[in-house]
Amino acid sequence: MLNIDNELLEAASAIAAAVPPTPPLVDDWKTRRANIDALYAGLAAANTPDDHIEVVDFTVPSSDGHTIPLRLYKPENLPNALVVYVHGGGLIAGSLDGYDHVCSRYALEAGVAMIAVDYRLAPESPFPKAVEDCIAAVQWAIEHAAERVPGACVALMGDSAGGGLAAATALVCRDRRIGPLAAQILVYPMLDDRTAVADPAVEPFLAWSVADNITGWRAYLGDKYGTDDVPASASVARAGSLHDLPAAYLEVGQLDLFCAETVTYATRLMEHGVAVHLCVRPGAFHGFDQLAPASRVAQSAFADRVAFLQGL
């Protein structure tokens, strides 16, 4: 029998009390964006970025000439890695400011430099714009790592939709021979556009619902949604070959809509010869670490990610 972690239950109850009783309809991305951005703003306001992290804003061009805002977080000590971070938000929401505290904490605790990507959001900017923005950020990081972070390797990291975009970026970088990439760190990643049904045992605990998932993927894929025309560069679960991809850290809660697709992707990566670290957190729902950061399961998850980053 599946049960929510006791410490997470308290956070989930508080969040549920603040949420309108009637969830937005499928395809109502505007309401979802407003809700997600308000949540991220609240989380950011409750966390002050550390003064020991140097923060620099700059821009790079995407493949179509669009100007992409990037934000570099650099710890005082010489970092061993430069990690391109892709924020969450269901492909329809999220921003640099909403993830300030997330990136600065990883930079401080893991001793790595982070580059956050302000990629374009759907539906205004459907596939492939978000992934092309992430690819451009990786290209810049690889070309300029020596001047910004001497001696550092380059890795990719993201959570939720950002985890899916990070995985897709790694796949395209392999195919376009952009690299090398040291690793991909995928935290409860959004990997498969075909996930449109929830396990009834898990459904009561979902922080990101089936309706949310359909809305995000439809906004991103447009007319391709629900067809066989969706490419692996949009939805990596559809990839034929996963050979020659960078080592992967994958993490997901057992009460997350993305649990099965994350485990399946990790298994396929291993079958294709990729080194994989997989962790499924019992009793954890989607976004548990941000919504209940003081919980033991969140602290354990953060410690595991930091250890992986330190090992790059």
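In which loop is the place of Ser295? In this predicted model, Ser295 falls in the loop between helix H8 (288-291) and H9. The fold contains an open sheet of eight strands with mixed pairing, and helix H9 (residues 296-310) packs on that sheet. The points below cover the sheet, its helices, the aromatic pairs, selected residues and backbone geometry.

**Sheet architecture**

- The strand order of the open sheet is E1-E2-E4-E3-E5-E6-E7-E8.
- Strand E1 (53-61) and strand E8 (276-285) form the edges, each pairing on one side only.
- From one strand to the next, the twist averages 20 degrees.
- Strand E7 (residues 247-255) pairs with E8 in the parallel sense over seven bridges. Within this pairing, Leu278 in E8 is the bridge partner of Leu250.
- E3 and E5 are likewise paired in the parallel sense, over six bridges; Val154 in E5 is the bridge partner of Leu82.
- E5 also pairs with E6 in the parallel sense, over four bridges, and Asp159 stands opposite Val187 in E6.
- Because six of the seven residues of E5 are buried, this strand is largely enclosed by the rest of the structure.

**Helices against the sheet**

- Helix H3 (residues 100-110) lies across E1, strand E2 (67-75), strand E3 (81-86), strand E4 (113-117) and strand E5 (153-159). The direction of H3 is at about 40 degrees to E2.
- Helix H9 touches E3, E5, E6, E7 and E8, and its direction makes about 175 degrees with that of E7.

**Aromatic pairs and a charge over a ring**

- The count of aromatic pairs comes to nine.
- The ring centres of Tyr40 and Tyr99 are 5.2 Å apart and the planes stand at 75 degrees, so this pair is edge-to-face.
- Tyr40 belongs to helix H2 (residues 29-45), whereas Tyr99 lies in the loop between E3 and H3; the pair therefore ties together parts that are 59 residues apart in sequence.
- Tyr40 and Tyr99 are both buried.
- A cluster linked by ring pairs comprises Tyr40, Tyr85, Tyr99, Tyr106 and Phe302.
- The ring of Phe302 also has the charged end of Arg105 sitting over it, 3.5 Å from the ring centre.

- Asp192 is located in the loop between strand E6 (183-187) and helix H6 (210-221).
- With a relative accessible area of 12%, Asp192 is buried, since the cut-off for burial is under 20%.
- A polar contact of 2.8 Å connects the side chain of Asp192 with the side chain of Arg194.
- Leaving aside residues up to four places away in sequence, Asp192 touches Asn213, Trp217, Ser235, Ala237 and Glu261.

- Apart from residues up to four places away in sequence, Ser295 touches Glu7 and Leu8.
- Arg296, found in helix H9, is exposed, with a relative accessible area of 63%.
- The C-alpha atoms of Arg296 and Pro79 are separated by 27 Å, and these two residues are 217 residues apart along the chain.

**Backbone geometry**

- A cis peptide bond runs from Ala122 to Pro123, with omega near 5 degrees. Pro123 is placed in the loop between E4 and helix H4 (129-148).
- Gly179 and Pro180 are also joined by a cis peptide bond, for which omega is about 10 degrees. Pro180 is placed in the loop between helix H5 (161-175) and E6.
- Leu91 is not a glycine, yet its phi is positive at about 75 degrees. Leu91 is in the loop between E3 and H3 and counts as buried at 3% relative accessibility.
- Asp244, although not a glycine, has a positive phi of about 65 degrees. Asp244 is in the loop between H6 and E7 and is exposed, with a relative accessible area of 69%.

Conventions: Residues are numbered from 1 along each chain as its sequence is written. This is a predicted model: local features need pLDDT of at least 70, side-chain atom pairs count only at pLDDT 80 or more; totals for chains, interfaces and linings use all residues. Side-chain values use heavy atoms; hydrogens and water are left out. Helices (H or I, at least four residues) and strands (E, at least two) are DSSP runs, numbered from the N terminus. Buried means under 20% relative accessible area, exposed over 50%, partly exposed in between (1.4 Å probe, protein chains only). A polar contact is a pair of N or O atoms within 3.5 Å; within protein, one must be able to donate a hydrogen and the other to accept it, and residues adjacent in sequence count only if both atoms are side-chain atoms. Contact means heavy atoms within 4.5 Å. Two strands pair if DSSP finds at least two bridges between them. Axes are lines fitted to C-alpha atoms, for helices over the stretch in contact, and angles run from 0 to 180 degrees between N-to-C directions. Rings of Phe, Tyr and Trp (its six-membered ring) pair if their centres lie within 6.5 Å; planes under 30 degrees apart count as stacked, over 60 as edge-to-face and the rest as tilted. A charge sits over a ring if NZ of Lys or CZ of Arg is within 6 Å of the ring centre and within 35 degrees of the ring normal.
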